[in-house]
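Please look at this protein model.

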Amino acid sequence: CHSVSAEEYIDMVQDTLRVFGGSFKKAMLCRRWKVPNHGFFPIYAWKALRNAFPNTFTWLVTCPVAGTWIGASPELLLEQQGAKAQSWSLAGTRHQNRPSGWTEKEKEEQDLVTRHIRSSMSSFGLKNMLEIGPEETTMGNLQHLATRLSGTLPEADTETGLRLARLMHPTPAIGGTPTEAALNFIQEKEKQNRGYYAGFMGLLEPEALRLRLYVNLRCASLGPEAHWIFAGAGITKLSSPEAEAQETERKADLIRPFLTLRPQG
């Protein structure tokens with residue numbers, strides 16, 4: 001386990017750009033940062049995250065296998081109510097202070113995710129499919145492109161919804177395209193265990209025929225001596241290594257201030 005410096009990340013991106021070609025179009029590479037634990041109180045951080053980012057799925061969860069995680073994710077993988085299902089294609093990132101207008105790189109990155117989700121829904125047998133977007137959505141000082149895709153599931157039970165979620169995951173927003181080639185490349189380049197980062201989690205209510213699953217982003221793994229923040233960026237042939245490194249820093253900055261919170265007084 002080690003923190004990935006900006007220089008290391010830039011080298012990873014440059015290596016990625018050298019192998020792009022043919023059908024290999026995108027890979028999402030992540031970094032992590034170590035934050036010392038100085039008497040941090042997780043419940044205060046969770047409450048503060050919930051208040052700061054009310055339009056995200058905010059969680060504090062612990063399990064024996066993977067430890068304790070905290071985060072606030074804007075990325076809806078799948079929402080189901082009865083036979084109705086929707087997903088968000090969320091990709092492309094810019095700082096809110098940047099002049100208006102999205103780059104071709106950001107538009108392409110978002111389109112790759114949209115096409116993957118559209119194809120997954122169609123092959124799964126969803127009917128009455130509808131797309132809205134892309135439109136802008138904001139988390140903190142970052143803006144993203146989002147497209148909402150919806151349709152009618154073949155069956156209304158949540159097991160059907162879970163099967164669709166497993167088919168869609170991982171989308172190019174957290175893996176790459178084509179999926180297998182991108183994941184193999186990520187495993188080789190990152191040389192680290194992501195843990196629950198970029199997995200999906202959420203609420204499952206089988207009796208109500210309802211589920212709501214989010215991709216585990218803007219998150220940190222909590223430990224007794226230190227915490228680890230995870231953040232990544234989607235790399236395409238139009239990527240600038242320096243700009244991608246800066247994007248990961250800004251994403252990490254969304255959660256870093258919350259990992260030092262303690263009770264007042």
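This report covers a sheet, the helices on it and a cavity.

The model is predicted: local features need pLDDT of at least 70, side-chain atom pairs count only at pLDDT 80 or more, and totals for chains, interfaces and linings use all residues. Residues are numbered from 1 along each chain as its sequence is written, and side-chain values use heavy atoms, without hydrogens and water.

**The sheet.** Six strands form an open sheet with antiparallel pairing, in the order E2-E3-E11-E12-E1-E8. Its edge strands, E2 (57-63) and E8 (176-177), each pair on one side only. Strands are DSSP runs of E, at least two residues, and helices are runs of H or I, at least four. Two strands pair if DSSP finds at least two bridges between them. E2 and E3 (residues 67-73) share seven bridges, in the antiparallel sense. Trp-59 stands opposite Gly-71 in E3.

**The helices.** Contact means heavy atoms within 4.5 Å. Angles run from 0 to 180 degrees between N-to-C directions, along axes fitted to C-alpha atoms, for helices over the stretch in contact.

| Helix | Strands | Angle to E1 |
|---|---|---|
| H1 (residues 6-19) | lies across E1 (26-36) and E12 (226-235) | about 170 degrees |
| H5 (residues 179-190) | touches E1 and E8 | about 35 degrees |

**The cavity.** A cavity is a set of points on a 1 Å grid over the protein atoms alone, where a 1.4 Å probe fits but cannot get out; lining residues have an atom within 4 Å of a point. The largest cavity is lined by 20 residues; Glu-75 and Lys-251 are among those nearest its centre. E5 gives the largest share of this lining, four residues.

Definitions and conventions: 1 Å grid on protein atoms, 1.4 Å probe; cavity = no way out; pocket = protein on both sides within 12 Å on 5 of 7 lines; lining within 4 Å.
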